[in-house]
Amino acid sequence: MAEEIPATDIPEAEPVTLDMEADPREAEITGLKEEAGKLKDQLLRTFAEMDNLRKRMEREKAEATLYAASNFARDILSVSDNMDRALATAEADHLKEATEPVKNLVAGVEMTNRELLKVFERHGITRVFPMGEKFDPHYHQAVFEVPTNDAAPGTVVQVMQAGFKIGDRVLRPAMVGVARAAG
């Protein structure tokens with residue numbers, strides 16, 4: 001009988017491989033395809049980044065154009081306020097007794113004030129006259145409180161000076177009197 005060899009002593013067989021040489025051109029093609037894919041990805045990312053940069057620059061340019069006149073507009077608001085005060089003193093009762101030159105002067109001030117407000121609107125500057133609105137500290141400056149039961153607490157019941165905004169930004173808050181519960 002043949003002698004048995006323990007399983008641990010049997011050498012393991014190596015896997016059979018076909019001995020074909022890889023084509024060097026295939027490896028080069030694969031490498032070039034990988035490099036082309038990386039470059040394409042890089043190019044697409046660069047295009048996306050440039051598009052985002054262009055959009056951001058357009059947005060910043062639009063904001064700069066809109067808000068460029070802020071300081072000038074803030075300074076010119078006092079002119080509008082003075083015209084409003086002048087017109088408030090020229091009440092209709094006084095104009096009935098006024099001479100023709102005074103009536104013409106008041107009419108001129110009214111026309112100038114209207115034109116100034118039209119110019120403001122053309123440049124994105126709008127008047128904030130919050131009578132009856134809920135007090136908003138972003139757009140209003142509370143000057144005093146009025147004890148009343150006629151309006152809900154926190155409601156603007158008197159406007160001392162109109163506010164203005166340019167676009168979304170407050171140029172000058174409206175100076176207001178705010179209702180509080182009487183008692």
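Ser 70 lies in helix α2, which spans residues 70-89; helices here are DSSP runs of H or I with at least four residues, strands are runs of E with at least two, and both are numbered from the N terminus. This is a predicted model, in which local features need pLDDT of at least 70 and side-chain atom pairs count only at pLDDT 80 or more, while totals for chains, interfaces and linings use all residues. Residues are numbered from 1 along each chain as its sequence is written, and side-chain values use heavy atoms, with hydrogens and water left out.

With a relative accessibility of 11%, Ser 70 counts as buried, a class that means under 20% relative accessible area, whereas exposed means over 50% and partly exposed lies in between (1.4 Å probe, protein chains only). Leaving aside residues up to four places away in sequence, Ser 70 touches Ile 166 and Leu 171, a contact being heavy atoms within 4.5 Å.

## Overall fold

The protein has 4 helices and 6 strands, and along the sequence they follow the pattern α-α-α-α-β-β-β-β-β-β. Of its 183 residues, 19% count as buried, and among contacts with a separation of 6 or more, 66% are between residues 24 or more positions apart.

## The aromatic pair

A search of the whole structure finds 1 aromatic pair. The ring centres of Phe 120 and Phe 164 are 5.6 Å apart and their planes stand at 75°, so the pair is edge-to-face; rings of Phe, Tyr and Trp (its six-membered ring) pair if their centres lie within 6.5 Å, and planes under 30 degrees apart count as stacked, over 60 as edge-to-face and the rest as tilted. Because Phe 120 belongs to helix α4 (residues 100-122) and Phe 164 to strand β4 (residues 163-166), the pair ties together parts that are 44 residues apart in sequence. Phe 120 is buried at a relative accessible area of 5%, and Phe 164 is buried at 1%.

## The largest pocket

The lining of the largest pocket consists of Asp 81, Asp 84, Arg 85, Arg 127, Phe 129, Val 159, Met 160, Gln 161 and Ala 162. Helix α2 and strand β3 (156-161) each supply at least two residues of this lining.

Definitions and conventions
1 Å grid on protein atoms, 1.4 Å probe; cavity = no way out; pocket = protein on both sides within 12 Å on 5 of 7 lines; lining within 4 Å.
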